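The entries follow the order in which I looked things up.

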Amino acid sequence: MSDSVRKVVTGAPWEEEFGYSRAVQLPNGLVLVSGCTSVVDGKIADGGPYDQAVNSFNVAFAALKQLGLGPEDVVRTRMYITHVRDVDEVGRAHKELFDAVRPAASMIIVSGFVDPRLVVEVEVEAYRSDAA
């Protein structure tokens, strides 16, 4: 990879174990943020689907901030949830965080995550042409 590719590593439990970066910024200004869950200070934060969604997006926002970007630069989100009953709560969190931004978005129901207490995982893509 080019030297102009920037990476954010946050020390989250699985980054080192599985060999990935929290975020990668490409020279063209596109930033890809890996799946984020409701893990705060190495522990799963309490709360239901809404709270987990907000916490997960806040993890993504923290990674974007290290690259000089914010929620207003988000162009795509993916929300993975473990049960259809959580659609409205996760959707409500997304609307509160992104209503003014209106990124492209997907919500996908999956069978589970690395820890069964997690019910939401999010991915974020952001772009700013002057970010490179």
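**Charges.** I counted charged side chains and found 13 positive and 19 negative ones in the protein. The centres of the two sets lie 2 Å apart. For this count Lys and Arg are positive, Asp and Glu are negative, and His and the chain ends are left out. I placed each charge at NZ of Lys, CZ of Arg, CG of Asp or CD of Glu.

**Ground rules.** I note that this is a predicted model, in which local features need pLDDT of at least 70, side-chain atom pairs count only at pLDDT 80 or more, and totals for chains, interfaces and linings use all residues. Residues are numbered from 1 along each chain as its sequence is written, and side-chain values use heavy atoms, with hydrogens and water left out.

**Fold.** I listed three helices and eight strands. Their order along the sequence is β-α-β-β-β-β-α-β-α-β-β. Both kinds of element are DSSP runs numbered from the N terminus: helices are H or I with at least four residues, strands E with at least two.

**Size.** I looked up the radius of gyration, taken over C-alpha atoms, and the globule rule, 2.2 Å times the number of residues to the power 0.38. The protein has 14 Å, which agrees with the value near 14 Å for a compact globule of 132 residues. The C-alpha trace spans about 40 × 35 × 20 Å along its principal axes.

**Surface and contacts.** The accessible surface comes to about 7,200 Å², and carbon and sulfur atoms hold 50% of it. Areas come from the Shrake-Rupley method with a 1.4 Å probe; for residues, only the protein chains shown count as cover. Of the 132 residues, 42% are buried. I use buried for under 20% relative accessible area, exposed for over 50%, and partly exposed in between (1.4 Å probe, protein chains only). I then took the contacts, meaning heavy atoms within 4.5 Å. Among those with a separation of 6 or more, 69% join residues 24 or more positions apart.

**Cores.** Which residues have the most contacts inside the largest nonpolar core? They are Ala23, Val31, Val33, Phe57, Leu64, Val120 and Val124, in a core of 26 residues. At least two residues each come from β3 (30–36), α2 (49–66), β6 (74–81), α3 and β8 (120–127). The most come from α2, which gives eight. Apart from this core lies another, of five residues, including Val39, Tyr80, Phe113 and Leu118. A nonpolar core here is a set of buried Ala, Val, Leu, Ile, Met, Phe, Trp, Tyr and Cys residues joined through side-chain atoms within 4.5 Å. In soluble globular proteins, nonpolar side chains tend to be buried together.

**Buried positions.** For each contact list below I left aside neighbours within four places in sequence.

- Leucine 64 is in contact with Val31, Val33, Leu69, Gly70, Val74, Val124 and Ala126.
- Valine 120 sits in β8 and is buried at 0% relative accessibility. Its contacts include Cys36, Pro49, Ala53, Tyr80, Val90 and Phe113. Aspartate 51 is 69 residues away from valine 120 in sequence, yet 9.4 Å away C-alpha to C-alpha.
- Threonine 77 is in β6 and is also buried, with a relative accessible area of 0%. Among its contacts are Phe57, His94, Phe98, Glu123 and Val124.
- Valine 8 lies in β1 (residues 6–8) and is buried at 3%. I found it in contact with Ser21, Arg22, Ala23, Ala63, Gln66 and Leu67.

**Exposed positions.** Lysine 43 is in β5 and counts as exposed at 61% relative accessibility. Proline 13 is 30 residues from lysine 43 in sequence and 9.0 Å from it in space, C-alpha to C-alpha.

**Backbone check.** Most residues other than glycine have a negative phi. Where do I find aspartate 41? It is in the loop between β4 (39–40) and β5 (43–44). Aspartate 41 has a positive phi of about 55° and is exposed, at 77% relative accessible area. Arginine 102 also has a positive phi of about 55°. Arginine 102 is in the loop between α3 (87–98) and β7 (104–109), and is exposed at 61%.
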